[in-house]
Amino acid sequence: MSEHPHVEIYTKEDCPYCEKAKDLFDSKGVEYETYNVTGNEELFDEMVERADGRQTAPEVFIDDELIGGFDDTQALDEAGELNEKLGIETTDGGVEHRTMIISGSGISGLTAAIYAARSNNDPLVLEGDEPGGQLTLTTDVENYPGFPEGISGPDLINNMKEQAERFGAEVKNGVIEDVDDSSRPYRVELANGDVYTTDAFIAASGASARTLGIPGEDELMGYGVSTCATCDGAFFRDEEMIVVGGGDAAMEEANFLTKFASKVYLVHRREEFRAEDYWIDRTHEKVEEGEIEVVKNAEVREIHGSVEDGVDYVDLVRHPEGRPTDKLDDPETEAFEMDVGAVFLAIGHTPNTDYLEDTAVEMDDAGYIKTEGGKGGGQTETGVPGIFGAGDVVDYHYQQAVTAAGMGCKAALDADDYLETAELEAQEGATEAAAGDD
């Protein structure tokens, strides 16, 4: 490998994962070249050829070696192998203590960081697997207060990150592997081997997109199957596409994809939608214009295609009472196929709380953190003193940017109260000990 590795990143416009890849290399002080494939067929074809047929961005290369997309690059970093490829020496700096650690750099975590930094609690924000959280995958945020013309999700997150850093928060790329709450200060170990101790910990690590768990899904992920329309929609221009889901995210993605698709099919397993009226109305407008077709009471059962040619067609089932996969033996269940070039999944999320499994933090069966709630202070407290929960790791009902921000604020204030109380108790203990010595 050369003394100064040559890093290349193929990107596209409005691609949050491209920005995350660049942020990762920026955090390491590594220079890189970017090639924007949007509207450039020659560059796009070059990327696809070099990336073994993958038709999604980003694609990262180090000294001509294909690293892959952001997930691949992140995984390499977690394993400690990325630094080796970049010629960066890894030194054992021992265990570093921080007053407060915040897990997650989404809107909840960054709001907590802003408040914590202004309270002089020196917060360290660990970005996790999905820097910026789910909001970075949102094209337009039109309901966040203070932006009458709306704002893009990535812009909102970047603004908040800059704001947090201006007040003294440190944002670092890192994935938490384990939290040890058996003694204080608590021990936080990252996937790359770094270890911290902390007096207060805020879990704001958000949630990750769910997948269907059907044949063809894993094999074709990145080759026509995606969980991010804003990332990958433009790669399948003039194709017919499927969006799976019935909530706000599914309808937003279906509306977004009409910019590129010859037609969008919105496949939902029930008759009723969970989306708010605003998105239902917008989708109905697109239906009337012939750009979207709604396929209710149906589910995708298998995705067919190949890495070389992408998605070819999908198998579906439909039942007049919905949830057809539960009624496969029912004679009213209909099996059919649809020829489409891409499948986008928008079927909800799973909270990112695996790293808390060995702690005394209580969670429900789905993995959502249980907090004190109620009125007055301490609403974000968990059953473990000094550990707090905020955002989508707690809230499975509202799941809005503004509610996540509000909870992040509460968590920072609750953590500050805890730190002040703990410090006061320590001082009182020292005073009593000194008096006893007299």
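**Exercise 1. Overall fold**

What share of the contacts in the protein chain with a separation of 6 or more comes from residues 24 or more positions apart? Then judge the overall dimensions.

*Solution.* This is a predicted model: local features need pLDDT of at least 70, side-chain atom pairs count only at pLDDT 80 or more, and totals for chains, interfaces and linings use all residues. Residues are numbered from 1 along each chain as its sequence is written, and side-chain values use heavy atoms, with hydrogens and water left out.

Step 1. Count contacts, meaning heavy atoms within 4.5 Å. Residues 24 or more positions apart account for 64% of those with a separation of 6 or more.

Step 2. Check the size. A compact globule of 438 residues would have a radius of gyration near 22 Å, and the protein chain has 24 Å, which agrees. The radius is taken over C-alpha atoms, and the globule rule is 2.2 Å times the number of residues to the power 0.38. The C-alpha trace spans about 85 × 55 × 45 Å along its principal axes.

Step 3. List the secondary structure. The protein chain has 10 helices and 21 strands. These are DSSP runs numbered from the N terminus: helices are H or I with at least four residues, strands are E with at least two.

Step 4. Take the burial. Of the 438 residues, 50% count as buried. Buried means under 20% relative accessible area, exposed over 50%, partly exposed in between (1.4 Å probe, protein chains only).

**Exercise 2. The largest nonpolar core**

Find the residues with the most contacts inside the largest nonpolar core, and the element that gives the most to it.

*Solution.* Step 1. Apply the definition: buried Ala, Val, Leu, Ile, Met, Phe, Trp, Tyr and Cys residues joined through side-chain atoms within 4.5 Å. The largest such core has 41 residues, and Met 100, Ile 176, Phe 201 and Ile 202 have the most contacts inside it.

Step 1. H10 gives the most, with 6 residues.

Step 2. Zoom in on Phe 201. Beyond four places in sequence, its contacts include Ile 101, Ile 176, Val 188, Tyr 355 and Phe 388.

Step 3. Look for a separate core. Another, of 33 residues, lies apart from it; Ala 57, Val 243, Leu 266 and Phe 344 are among its members.

**Exercise 3. Loop residues**

Asn 173 and Asp 14: buried or exposed?

*Solution.* Step 1. Beyond four places in sequence, Asn 173 touches Leu 24, Ser 27, Gln 74, Asp 77, Glu 127 and Pro 131.

Step 1. Asp 14 counts as exposed because its relative accessibility is 62%.

**Exercise 4. Backbone geometry**

Locate two cis peptide bonds and two non-glycine residues with positive phi.

*Solution.* Step 1. The bond from Ala 57 to Pro 58 is cis, with omega near 5°. Pro 58 sits in the loop between helix H2 (41-50) and strand E3 (59-62).

Step 1. The bond from Arg 184 to Pro 185 is cis too, with omega near -5°. Pro 185 lies in the loop between E8 and E9.

Step 2. Asp 63 has a positive phi of about 50°. Asp 63 belongs to the loop between E3 and strand E4 (65-68).

Step 3. Asp 122 has a positive phi of about 50°. The loop between H5 and E6 holds Asp 122.
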